[in-house]
Amino acid sequence: MSVVIPAMNEARNLPYVFASLPDWIHEVVLVDGDSSDDTVRVARELWPEVKVAAQRGKGKGDALISGFAACTGDIIVVIDADGSADGQEIVSYVSALVSGADFAKGSRFANGGGTDDMTAIRKLGNRVLCAVVNAKFGARHTDLCYGYNAFWRHCLDDITLDCTGFEVETLMNIRVVKAGPKVQEIPSHEYDRIHGASNLRAVRDGLRVLRVILRERGVPRAARTARTRAARAVRTGAAALRGAVPRGEAS
């Protein structure tokens, strides 16, 4: 199992994040967004076997593209680096997957979930956009823009990412519904960010989410199939390249 943690200048929050992770995790992939603090050093001190992947561009979507390419596990979990998510909840996500789900989707609004970190405007926006996605794509989501998710590796062929910002969670949720794998929502509690300030902007990022919804509604099946085949070829090539690198020479 691989846990992907996108991070930029999160050195003060990483001790809380890593302390909550179950010790049986096979692989932790920290995606560093060119941090100017000690994010990478702290991560290596906390989890000596951590795999550090350098982010090529900017934005959360771009970070996840780099992180997924570096993963080797059959199960992939995505968790934020700001301390808002409880790593112990990973057990619930993995349990759902081994019980038959393909994609375990975290929800702050499912029965048993909650949030300490959303303003009224963000809650309203999330609710409206979630209703639009449910109506347009036949989904039954209770949450749309939450970053705590887990899935079997084969789902990467369904959620091929081609966006760079916070709209990435919406894109993932839409594409997995369109592809047809079994999705199970997992109640999750989102806590306040421990240190620092979020880069998320409600209006700006809400408009980006809306553009993704409108774009995905108009994507024909043939284009989706071609995109999936291209992404599979890229991942196959990346895996072959990793296998050709002698042990100890890759970060």
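Let me start on the surface: Ile121, Leu124 and Val128 form a nonpolar patch with about 280 Å² of accessible area together. A patch here is made of residues with over 30% relative accessible area and no salt bridge, with like charges joined within 9 Å and nonpolar side chains (Val, Leu, Ile, Met, Phe, Trp, Tyr) within 5 Å. Accessible areas come from the Shrake-Rupley method with a 1.4 Å probe, and for residues only the protein chains shown count as cover. Leu124 sits in helix α5, residues 120-137, and is partly exposed at a relative accessible area of 46%. Buried means under 20% relative accessible area, exposed means over 50%, and partly exposed is in between (1.4 Å probe, protein chains only).

A word on the source. This is a predicted model, in which local features need pLDDT of at least 70 and side-chain atom pairs count only at pLDDT 80 or more, while totals for chains, interfaces and linings use all residues. Residues are numbered from 1 along each chain as its sequence is written, and side-chain values use heavy atoms, leaving out hydrogens and water.

pLDDT is the predictor's confidence in each residue, from 0 to 100. The chain averages 86, and 84% of the residues score at least 70. Over residues 233-251 the pLDDT is below 50.

Now the inside. The chain has eight helices and nine strands; these are DSSP runs, numbered from the N terminus, with helices being H or I of at least four residues and strands E of at least two. Of the 251 residues, 49% count as buried.

Which residues of helix α4 are buried? They are Ile90, Tyr93, Val94, Ala96 and Leu97. Seen down the axis of α4, these fall within an arc of 155°, so they line one face of the helix. That arc is taken from the directions from the helix axis to the C-beta atoms. What covers them includes β1, β4, β5, β7 and β8.

Last, the salt bridges, of which the structure holds 16. Each is a side-chain nitrogen of Lys or Arg within 4 Å of a carboxyl oxygen of Asp or Glu. Arg193 pairs with Glu10, with the closest N and O atoms 2.9 Å apart. Arg193 lies in the loop between β9 and α7 and Glu10 in the loop between β1 and α1, so the pair ties together parts that are 183 residues apart in sequence. Both Arg193 and Glu10 are buried.

Asp162 and Arg215 also meet in a salt bridge, at 3.3 Å, N to O. Asp162 is partly exposed at 39% relative accessibility.

Notes
Contact = heavy atoms within 4.5 Å.
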